[in-house]
Amino acid sequence: MQRRDFLKAVGAASLAPGAIDDAAADTATSPAATVLYDDHVVALDHVGPDSKRAAGALWIRKRDLPRVNGFALKPQGACRADLCIPIPKEMVRGDYLNLTAFAKKAGQLVVADAEARVWSFGEMQALGGGLSSSRMAPDVTVPDRLGRPVHLAGFRGKKALVVTWASW
Amino acid sequence: MAQDTGGEAAAGKWYDAAKATFTTLVDTLHSVSSAFQLINVPMGIWIDEDGRVVRPAEPAWTSTRTSVYGGKALDTEGEEYVAALRDWVTNGDRSPYVLSDEEFARRVKPRSPAEMEAEATFKLAVWFQQSGRPELAAKYFERAQTLNPDDWNYHRQEWSFTGDADKKWLEKFKGFDKEYYPKLQLKKGG
């Protein structure tokens, strides 16, 4: 059973196509690692060998960094918008970057189930600490009832009332 | 915005019954609660045309009443909330219900390390629930609840899967020593 079909079968039908990075979604086997980051889920088909041994450490391919957290590697470090975080050499091994070490450097908590190969990342303090430090609404993407992604920023130009509720 | 890990299967019939004409979203990952520091439902957030948060999370009821559960009162203040909302829609920045920067900063605090860990842990729990691994979900739901016991979403979402939700809710509600819904602070000019 392909991964997306599996998720739909267990009731995750409203995960928008854009909410799951599809690099590994159509493979017949489980991804090497799954990253839960902000409002999206990234399936990684390649991780560094340490990720399979050391509890919690996650080494990802450098080229996967942008789709995980929006950062890109440049000579001055890992950069996203106006922020660049220097990368010490021990955080890099060939084509791989230690994502969990990077998170720690950026003030970001990580909770991992290494056996299940799932890493969940919290708020990144280096980006400003969320709503407590800026009145600008975070640009969250949430699927509609048909699974189509809706960006909160898409409501600019209008007043928006966001109301959360639940069936429970 | 349904905060429902169960997805359309859980939330859809309620949207249908409401005959909703507004944008209807199903937030299985609780992303909005995470981004805006919401710990219960229903909660409302006002955002202006420039993407600025005018009023952060507060109870968003439409009716005013007092209900009693297990001998303990639960108040909703919907009429006042809706009146304030209408004023803002009409008057925009001139509305007295637009919070000052100082008041906003007073109401929205940085998350503590335990709260941040709870958030990341809850996401893990939701993931395992959606992936058909309830035993792992239960482990991480419990951990999130321990790290941030005041977050009702963490509890209520899990109870929706484990059963006896009403009983468990009542037990926690009766023993909860804080306000279940914070009182609205609609002081003009605040």
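The crossing of α6(B) and α7(B) is left-handed; a crossing is called left-handed if the near helix is turned anticlockwise from the far one by less than a right angle, and right-handed if clockwise. Helices (H or I, at least four residues) are DSSP runs numbered from the N terminus. This is a predicted model, in which local features need pLDDT of at least 70 and side-chain atom pairs count only at pLDDT 80 or more, while totals for chains, interfaces and linings use all residues. Residues are numbered from 1 along each chain as its sequence is written, and chains are lettered from A and ligands numbered from 1 in the order in which they are written.

Helix α6 of chain B covers residues 134-147, and its axis lies 10 Å from that of α7(B), at an angle of about 155 degrees. Axes are lines fitted to C-alpha atoms, for helices over the stretch in contact, and angles run from 0 to 180 degrees between N-to-C directions. The two helices are therefore roughly antiparallel, the term for angles over 145 degrees. On α6(B) the contact involves Pro134(B), Phe141(B), Ala144(B) and Gln145(B), and on α7(B) Tyr154(B), His155(B), Glu158(B) and Phe161(B); residues are in contact if their C-beta atoms, placed from the backbone, lie within 7 Å.

Helix α7 (residues 152-162) of chain B also meets helix α8 (residues 165-175) of chain B, with axes that come within 9 Å and cross at roughly 155 degrees. That makes α7(B) roughly antiparallel to α8(B). Their crossing is right-handed. Here α7(B) contributes His155(B), Arg156(B), Trp159(B) and Ser160(B), and α8(B) contributes Ala165(B), Lys168(B), Trp169(B) and Lys172(B).

Methods. Parallel < 35°, antiparallel > 145°, perpendicular 65-115°, else oblique. Contact = placed C-beta atoms within 7 Å.
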